[in-house]
Structure formats: structure tokens, C-alpha cells
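Dear colleague,

Here is the structure for your files. My notes on the aromatic residues and the helix packing follow below it.

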Amino acid sequence: MKRVIFNQKGGVGKSTIAVNLAAIAASQGKRTLLIDIDPQCNSSRYVLGAAAHAATPTLKDYFEQVLSFSQFAQPAGHYVHPTPFENLSIIVAHPELGDLQSKLESRNKIYKLRDLLRELGKEYDDIFIDTPPAYNFFSQAALIGADSCLIPFDCDDFSRQALYTLINNIKEIKADHNADLAIEGIVVNQFQPRASLPRRMVEQLTEEGLPVFENKLSSSVRIRESHERNLPMIHLDRNHKLSQEYLALYGELTDS
């Protein structure tokens, strides 16, 4: 299963959700791959810490190979790195990844990430793809190659207005490039159940027929320690409320 975690609005927890769901899948014995295609490299640093800066080859190297068009190209597995967590591997991003975007667009390389994902899909049970907070070449390429999309959502009016544009963009990718692409669901992040606005907003999205996951993710300062220590919540504190929410969310994914 190849899942893209995508929202063109920043600050909604894409990287945190991608890493924590991938860590749970791996902890349950699934051969799991995390792919970071965001030049900010947040997922890469979250999983590998300082070692992410020195990791090579990166996804940038893959796309440079695509542009050089070598008959003796490296296989997909060449770009995969182990992580400190059993069953979890990663393809790391690079800060200069965005510099290649115009070259890749001009040479119509939008389907090359799909080719990489198809090859890697033979080796992994679950693939999670963390995307940049923009509807650009890299996020479009990920959506073209994926089976489904998870949409992180925080409960404010700006996020809600952006959500409708986002859904239309995903539907356009589905219509033009990837007929099998599904919006698997909206992940409500930093949810405060005692506050009226978040509850009301989630109710409105559900009434509109949007696929909102039943299990929501609470706001917690514990996640900052998770980032700082490069430990997904399942490894930092399995019994924490947020860890249990992530486990329940992953269970909802696998039951659907």
C-alpha cells in the first residue's frame, strides 16, 4: 500500500503523521518504507537525527540520475537506507531537491517517481510518502504514483477553505493521471475535543460527506520531545494518549 500524506497548507503535521504511522506499521512486523520528498527534510531528520545530513544517496540523486538518463541506472533499492527501527527503511530528502524541479518539469519526468514506487512496492508492505506543503511537481508525482492520500487537517477556517481546493486538485490528478487514486481520509490533527470550534468543524465536514477518520490526534507537548529525541511516539512512550491515538488511526487504515 502506497500512501501519500499531503496538504498544500504548511504546519498541519504531515511529517509527524507520516513518520508515526510508518513507525507503527514497522512495529507490527510490516516491511515499511518512508519516502521523504520534501526539501525541508523533516521526516528524514525525525527518523535519522543528525545522520540524515550525511546520508547518501538521497532522492535528489535519484532524480539527477533520471535527468542524466543512464542505461546503467541504479536500482530503486540503491536509494534506501536502514533506520534505527526494525522493519523501517527510508529514502531521505535533500535541501537542494527543489532546485531540480524546473528541469524535471521541462523534460516531462512527472511519472518517474511512480516508476520508483512500483519497483519498491515489490519489496515493501507499506510505503508512506511525506510531501512538500505545495501543489508542485513533487507532490503531483507522489499522487500519480500512490494508491491513496491521507489529508492532515487542523481545525481552523483557513485550513477548511484550503481543504476544498486540495480535494479538487487530488480529483484532477485522479481524472488525468491515476484512476486508482483514492482519498483514504482526512486526519484531524491537534484536535481539542473540549473546544466547540474543532467539534463543530469536524461535524460539518462529516455532514458534507467528506471521509473524516473517526480516530483523531490530540494536541500534545510530548510530540516535541518525540521530534527532539528522534523517536516516534510508539518508541518514546507507547502508553501515552497520543501513541494510542496513532495506533487506533493505523488500525482504522488497515481495517478499511
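Phenylalanine 63 and phenylalanine 138 are both buried, meaning under 20% relative accessible area with a 1.4 Å probe and protein chains only (over 50% is exposed, in between is partly exposed). The two form an edge-to-face aromatic pair, 5.6 Å centre to centre with 65° between the planes. Rings of Phe, Tyr and Trp (its six-membered ring) pair if their centres lie within 6.5 Å; planes under 30 degrees apart are stacked, over 60 edge-to-face, the rest tilted. Phenylalanine 63 sits in helix H3 (residues 59–68) and phenylalanine 138 in helix H6, so the pair joins parts 75 residues apart in sequence. Helices are DSSP runs of H or I of at least four residues, numbered from the N terminus.

This is a predicted model: local features need pLDDT of at least 70 and side-chain atom pairs pLDDT 80 or more, while totals for chains, interfaces and linings use all residues. Residues are numbered from 1 along each chain as its sequence is written, and side-chain values use heavy atoms, without hydrogens and water.

One aromatic cluster consists of Tyr62, Phe63, Tyr79, Phe137 and Phe138.

Regards

Key: Helix = DSSP H or I, 4+ residues; strand = E, 2+ residues; numbered from the N terminus.
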